[in-house]
Amino acid sequence: SPGFTLLIAYLSQQLNQGMQSAQISVGAVLGILVVWLAYDLGSELRDKRLGRMMAVAALVGTGLYTAYMDSHYTTLLGLVFALAFLTYTVRYLREGGIPDAVAAGLMLGAVVLAHPDTTIILGLGYIPWLLTMWLGKPRPTIRTWLVLAAGIPLIAVIAISPWLLNIRDLLGSDIASPFSRDPGYWRVMVLYHGILIVPVALIGAVVGLRQRNQGTILAAGWLAMILEFSSLGLLEKIFPWLSNLVLRYDYPFSIAWHGPIIPYIILGGAGFLWLWEGWLETRAGEFIRRRAVVILSALIVVALGVLVFNQPLLAASKGRVGFFGAFASAADVQAMEWLRDNTPLDARILNFPGTLKDNSHESDWVPVIAERDSVYYRWQPFFRNHEASLEEQDRLRAFWQNPADAAHADLLAAAGIDYVIIPQIVNNPASIESMFRWRAPTNAIEMRSSLKDAPFLQLVFDQEGAQVYAFRGE
């Protein structure tokens, strides 16, 4: 799906900002839009009270944060369009306005262009809902249901038909996901979403199903399908073709991680509203309303304090945080920007490899920020016809094991290498103390010599250990 890539490339050029800056900024905006659209969807499902609580549910559940922290920006873009699609769909179900159906179709097409995983996840919720919405209120008419089932998807297909024609060969190819279902992925549906949202969503499900609320019927069936396709596999025994169709372009872990975000927003919002109206409002409503300004001011002060004292907080967090953090330091970014600004467009870069084809974390950002052809890149299990590339990566690992070996000049020349870049954390391991990073490279290649001792390399950039060398030939 080209949506996010095209958006970032355009904004990066128009704003004269690096791709990495555009990505993280747009990602933050998309996260805010998810919360905003959660409010809009809740307002369409019932009223603004439910809308506010669904926005709260989006903030309380941590699925949105974990997706952002792991740079799943395409997921965030897909969620934005998926929520917009559901908002227009619910409005059409209630009012029957043709403009809403057209808008829903366009938003559905946008989901497809934004993120294939979210497209499949949305289908896991929407298709069962078409079968179960007859049990809810308001009940659709035959005409309304036909528009929901066929008219809106047809509009989406027509809208994206040029792109579908462009990728028609891929649609008929033998691409298949190498991942398998895991009975333990139900834990992802709980732990990756912050635990708290789960019991609140359960309350919302019970309350909403009793009222036969359409949003609840949608979300409850959606969660059931997510659990089925990520963990259980019961339908596969009856309809094996269905599981193959879904998992061909997706994988169960992604379904368990990203799939519950919108259902938890819907059910969690209903649960929070029930708790507020039935318990909290009579006991603490007036107090909260009187202290709202104070509470919000305190939260703003805390946020500003985190920004001002980020370095002491960073130092205090070392040894206490378990995730990796940023795979490129500020010095690394400067080295990559130097390559972007000072090398020919056809320059080829040898960057630092990971230990495996799917573990090249230390080099992931080089092709993005330097905007140059690089040997190592973030490997994906769905890539095809990349065998020659992987073989070259294996050959060039020999260089990194002993960079000063004069015989490796022939290796670099044969690969058409013009520049070599080494990450700060590899060249200067102590620098991790000042990075927004908490774990060192795992199983990194053991280098028996240094790049500075290679007779065929010349240092052209150095920023606190993040270095760029020019290849001077054999």
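1. Helix H19 (330–342) and strand S3 (419–422) are the elements that give two or more residues to the lining. By class the lining of the largest cavity has nine nonpolar, two polar and three charged residues. Here Ala, Val, Leu, Ile, Met, Phe, Trp, Tyr, Cys and Pro count as nonpolar, Asp, Glu, Lys and Arg as charged, and the others, Gly among them, as polar.

2. The model is predicted: local features need pLDDT of at least 70 and side-chain atom pairs pLDDT 80 or more, while totals for chains, interfaces and linings use all residues. Residues are numbered from 1 along each chain as its sequence is written, and side-chain values use heavy atoms, with hydrogens and water left out.

3. Three cavities of 30 Å³ or more turn up in a search of the whole structure. On a 1 Å grid over the protein atoms alone, a cavity is a set of points where a 1.4 Å probe fits but cannot get out; a pocket is an open set with protein on both sides within 12 Å along at least five of seven lines; lining residues have an atom within 4 Å of a point. Points are joined across faces, edges and corners, and a volume is the space filled by probe spheres set on them.

4. The second largest cavity has a volume of about 60 Å³. Its lining holds seven nonpolar, four polar and no charged residues, and H17 gives the largest share, three residues.

5. H17 (residues 261–308) also gives the largest share of the lining of the second largest pocket, eleven residues. That pocket holds about 800 Å³. Of its 16 lining residues, Val56, Ile288, Ile295, Leu296 and Leu299 lie nearest the centre.

6. Five strands form an open, mixed sheet in the order S2-S1-S3-S5-S4. S2 (373–374) and S4 (457–463) are at the edges with a single partner strand each, so one side of each lacks a neighbour in the sheet. Helices (H or I, at least four residues) and strands (E, at least two) are DSSP runs, numbered from the N terminus; strands pair if DSSP finds at least two bridges between them.
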